[in-house]
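Visitor: Could you walk me through this structure, please? I'm new to reading these.
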Amino acid sequence: MQPRKSGGFENMAESASRPEEARPAETRPAEEPGAGWEPVIVGFLCNWCSYAGADSAGTARMVHPPNVRVIRVPCSGRVNPRFILRAFQRGADGVLVSGCHPGDCHYSTGNYYARRRLVLLKRYLEYLGIDPRRFRTHWVSASEGQKFADIVREMTAEIKALGPGPKAKLGELV
Amino acid sequence: MTEKQPLRYAYYPGCSLHSTAREYDLSMKVVARAVGVELVEIPDWNCCGASSAHMTDPFLGFALPGRVLALAEEMGLDVVAPCAACYGRLAAAREEAARHPDYVRRLEKATGRRLSGSSRAWNVLEWLCQERVSAAVREALKRPLQGLAVAPYYGCLLVRPPKVTRFDDPERPVTMDRILETIGAAPVDFAFKTECCGASLGISRTDLVSELTGRILAAAADAGAEAVAVACPLCQTNLDSRQEAAGLRQGRTFDLPVYYITQLVGLALGASARELGLGRHLVDAMSLLREKKLA
Amino acid sequence: MKRVGVFLCWCGSNIAGTVDVGRVAEKVRLLPGVVYVEENKYTCSEPGQASIMKAIKEHDLERVVVASCSPRLHEPTFRRTLEAAGMNPYHLEMANIREHCSWVHTDREEATAKAFDIVRMAVAKALRNEALQPGRISIEKKALVLGGGIAGIQAALDIADAGHQVILVEREPTIGGRMAQLDKTFPTLDCSSCILTPKMVDCAKHPNITLYTYSELEKVEGYIGNFNVTIRKKARGVDEALCTGCGLCQTKCPVKVDSEFDVGVGKRKAIYTPFPQAVPNKPVIDKENCRYHKTGKCRICERVCEAKAIRFDQEDTIIEEKVGAIVVATGFDLFDLETYGEYGYGLYPDVISSLQFERLINASGPTEGKIRRPSDQEVPRSVAFVLCVGSRDDQKGVSYCSRACCMYSVKHATQYREKVKDGRAFVFYMDIRTPGKAYEEFYRRSSVDYGVEYIRGRPSKIYQKGKKLVVRAEDTLLGRPVEVEVDMVVLAPAMVPKHDAAKMAQTLGVSYDGYGFLNEAHPKLRPVETNTAGIYLAGACQGPKDIPDTVAQAGAAAAKVAALFSQDELTTEPMVARVDEALCSGCLWCKPVCPYKAIEAKTITERVAGRTVTREVASVNVGLCQGCGACTVACRDGAMNLAGFTNDQVLAEVDDLLADLRPACGV
Amino acid sequence: MPRKPMLDIERMRSAEEALRREARRLLADGVVSVFLGHEEGWDGLAVPSFATSPEDAEKLVWNPLVAPHLAKYLLDRLAGDEKVGIVVNGCGSLALERILKDRRFPRERLYIVGIPCTGILDPARVADLPPERRREVLETGRAEAGLFLDRCSWCDVPNAVVSDILVGEPVAEEPTVHEYPRAARLEAMSLEERFEHFKDLYERCIRCFACRNVCPACSCRECCLDQWEPLWLGRATSVPEQQMFHFIRAFDVAGRCIRCGECERVCPMGLPLMDFNDKLLKDIAELFGVERPHVPTDVEPLGRFDPQDPDFEEGAE
């Protein structure tokens, strides 16, 4: 496993073509995974239930780990399996897809199609050698802030134990 | 699925057919021979576990019949289990194997035998109703049981639980009625076809058993039956041996011979009373037949 | 690259208390495309919004990112701000750094790092968003009501009274539905037909209502405001314009068959009106049983008809109508009682259903209201009423409670005791549920004043013993088995969806639950709407209901239709799917996954190498599309895209978030 | 169990005769303007042939090596409105059905000649035989099971599922319990072993696109793999991009793959590409109760749902 580079912000800043401003004072030395390494989890949340569920967690101040980065989609049915593999390919350590409970879809049936695709995908990623614990799919309703917070907590802990995601093993893109 | 031909079945007599239900065993073999079916007794078969095993330990309750099924799989044959309790346990084991892969692994570890689900259990009624068997019965029919009014009594285990047996309607079964029609007898529809006969209380609460058997016999007699047909050794023993006690409780006298369905089929196929063990009954099984000129 | 302005909100201390907004601003400034960054104490406040407008002008901003609270809260607010500044409102992206960040994290470093990531994803998305325009669609101010039971009648009358045209379609030869079969209604014991038939007549006479009975919906196309519906008006065999409804044909017809209206306990003729108060009071010829249709001989009805209205060769007619809204009021069916072999329905003639009992006690029913049991026409000296046959039974029936059976069985037991003074009425129940105005009182009265005997327990078996029926159950209050001998048993079947409810739902493009009941858009807040805009629900097609609830819902559906018709035009959401026709291969695998049937094939013509070629591509009806995006995933070559959530945008969010790997706290 | 594949040289010879007769008639009568079949190519291989005159029909062959499916060549004939003739056996008809159900060619522009089939050899495996043995196999038809195409081992469609005319006696169809040994073998490995297995595959792939080009389920006007905006697939042949390549290829045909294995047969690197598809076929069968996932249907398995489908919450997985 390769240790992850830190100070990535620095790299990004260099590409932003304003090098003179691009040196944050607090760059850190490279760290070994496990020592302060924090997983990045990409969360695709449907607008009507799960995104709102994450909002409810916020409104109720249910503290949870800061590792999930949310991408809002209208419906879990909008989540193309390619997006999920893309996230892993680009370095996500985990991916979460969450939508309305079956039967509650804002678009009536979108999550049923999503469920077929995601159940298949979940098995397939495992088949390709990606640890199934890195890809989680859940139903979270707008009122289930607690459930959302619990999922994030659980998933973060689990992935922390697993270490960096598939990119570490697959290598760089170019 | 591989077609099994000629018609061969693994035969699982269970304990009853080697003891109290000898005549069931005899008549079963007579019928099989007459319709050209080969019954191969499963070598080294063991107890099905009914009903004490599954009350004690769910795995044991699965493993005993599971081993029997595994033996049948090794023979590459489906199993005919004439005893309703044996049949129920075998069917349940196959169902459980599908739901609990860990049971299958444990069974394999304990017995060294694999269970894949390729063999299934047939009860006698299903077995007799198959296209090929019932056609053979029709063809070999020598002595239609004309004028014999028989109440088909299914008991509790053959049709229940429906999710496991997947056989006939659990409340209003008709398979035995059809078989009786095939052999020329007159099936009598009555409301107590699947009532409990009380067999499991046969030792502890004989008073209740007499009450329960009495209701069944009364319903059959009131519906015009002259005899009862069964496909379960426990039902037979109960209904046959308790008619006097049941009569006392109901305030009437019963005189209903209780035949195994295979005895009636055998009779219709021309077998002798002796071959069918008709002399082994407690309620005289012969007078009625003689009266009807059937034996 | 587009010029992006980023507005970071402190939300007082709500955000700034946990996130170092200043540091986020510093980093955001370095992102590609970002030309302006500003912090505000409250971006949503008037000065905050004014500041956005000012910055748009001064810095020539082309895209705006507001990093503040959830877009579910203030996206509409800031879209209006952009619009006010002369910018397309869909050039806005929001970064939710409050609900998803400052409110749920405690570590300032971590929260700041995450906030930056959230903003940078929003910037990546904003760089790729496009100007979108909402559409406008016209509204045809005419409603279609499906089903002429009490729900459909009430909805039709209410819409018509609001001044709009209504088409009422009923499958049976008459309107009236289930309520017409009932004798009295609980808890007031009003005569059912006395309160229903006037409404039926009103329907027929209302200048705004067009009635199509003996007709079925064939096809629905289009969308809210603009549905094209096709209705099949089945051949009645009778010219409705000429028929006077004298009824002579029915008297003379030689064929007698079981009456559907009397649920098998009475007879009707082959030419018939289901009941004397039918609306319209014009008979139909039942071709399956009509002697002329079967043998080619008879024609008695034709001979006796003075109006010369009989038309044996009449054919179905197809009617096409354009409507702006649809109210579905197709009602329910009853559970198949033969599923319970142990109850002997269908085997013992004196085991009947509640609806059959309803016909037996109805003064205009086959026994003229005298309770006689079917086997020997004797008056039963004792009757058992069995509740929950099918309801609340996971094993054999349905899991839900059918809501009306307790009350109508209480009513039946009471009515029986009224008519047979020395008779005994037993009710076998699991629970008696009386959640309605004056319901509990009615139930109490049945027991105290009418002596109805209640036994708590679901029967396990019913069997015949001589001329009696024996009901066996466990009395769960006494904890003891009971056997009750009665003369007749009445089973209360579960209310289940119409047998063809699923097909109807598919025709309409509305969703239905696992049972087949049509789904409301929201169980609490949108109980009469469906997920398909412009289609509303009334009555038991949505779930079991009694009459008061049905009428209330029908009124509500009518009010929704009236509110829709109060506008001349509708604006549509612009964040919908669209097709890149050059890319589209026309496979149309997007079509089956669309919940709104918004995708159709369209033929296009193009010039290829000097030749004119026609081919099919997918096309999205923006009036129907709700923007779920399911089609985009079914589309392999990316020809189908979703405005506001394009493939490009989502990929950019992923890519930019993970563009470089760093510890989350490494800002 | 499925019927064992076998060669019936006599049957094939008479089918070949009938095929030529039929093609000649169709071309001579002007029913079709071109007839898609096979002709003998280099070293005895059967290669696609496009007969445009009655004389051309004489070149057509039907022999143990007619492995290539022809349906995808229809895409070259999309322009115009003339009719096209095509010959298919059972599996070939599945490829054709795929193109038809994907609405990539109009049925009414086709004249389909179906040939019942008892098995086709894998040309590569035959090529590896010593010359005498090879001649013997092709002349007598005595071929061991290992020489046949993989798809023959589970074939349950010996007769064309779609055709206008069937030449030769139909072959008895036998129900098959479908098994997926390729996926099962990999499933039995550990996560790491599987990862390494596929990583090795990614590393050896030269991304020539032969697998995509031959696939009857890959028929888009413009493949997403070729698009620049959005850039679904980076152009570098790095391991993560190769993974994306094969993932997109396999998952895009999930529910539509006809299990023909042509991708694998044409792979110049000899990669076990059906390892990708076998799993999806298996899971679609298992998860959604699709008994014959390789047979094209009017609505593909991922284009429909059942409210009772397996769920990922509450213990389905």
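This is a predicted model: local features need pLDDT of at least 70, side-chain atom pairs count only at pLDDT 80 or more; totals for chains, interfaces and linings use all residues.

Visitor: Okay, how many residues does the contact take from chain A and from chain C?
Guide: Chain A brings 63 residues to the contact and chain C brings 59 residues, and between them the two chains bury about 5,500 Å², with 60% of it on carbon and sulfur atoms.

Visitor: And how many salt bridges are there between chain A and chain C?
Guide: There are four salt bridges between chain A and chain C, one of which joins the side chains of Arg90(A) and Asp655(C) at 3.5 Å, N to O. Polar contacts between chain A and chain C come to 16 residue pairs, both residues being at pLDDT 80 or more.

Visitor: Which element gives the most to the side of chain A that touches chain C?
Guide: That is H2(A), which gives seven residues, and by class this side of chain A has 32 nonpolar, 13 polar and 18 charged residues.

Visitor: New topic: which residues of helix H14 of chain C are buried?
Guide: In H14(C), which covers residues 439–448, the buried residues are Tyr439(C), Phe442(C), Tyr443(C) and Ser446(C). They lie on the same side of H14(C) because they cover an arc of only 100 degrees around the axis.

Visitor: What's exposed on the other side of H14(C), then?
Guide: Arg444(C) and Val448(C) are exposed there.

Visitor: And what covers the buried residues of H14(C)?
Guide: The cover includes helix H13 (405–419), strand S23 (453–456) and helix H16 (547–565), which belong to chain C.

Technical notes: Residues are numbered from 1 along each chain as its sequence is written. Chains are lettered from A and ligands numbered from 1 in the order in which they are written. Side-chain values use heavy atoms; hydrogens and water are left out. Contact means heavy atoms within 4.5 Å. Buried area is the accessible area (1.4 Å probe) that two parts lose on being put together, summed over both. A polar contact is a pair of N or O atoms within 3.5 Å; within protein, one must be able to donate a hydrogen and the other to accept it, and residues adjacent in sequence count only if both atoms are side-chain atoms. Helices (H or I, at least four residues) and strands (E, at least two) are DSSP runs, numbered from the N terminus. Ala, Val, Leu, Ile, Met, Phe, Trp, Tyr, Cys and Pro count as nonpolar, Asp, Glu, Lys and Arg as charged, and the others, Gly among them, as polar. Buried means under 20% relative accessible area, exposed over 50%, partly exposed in between (1.4 Å probe, protein chains only). The arc is that of the directions from the helix axis to the C-beta atoms.
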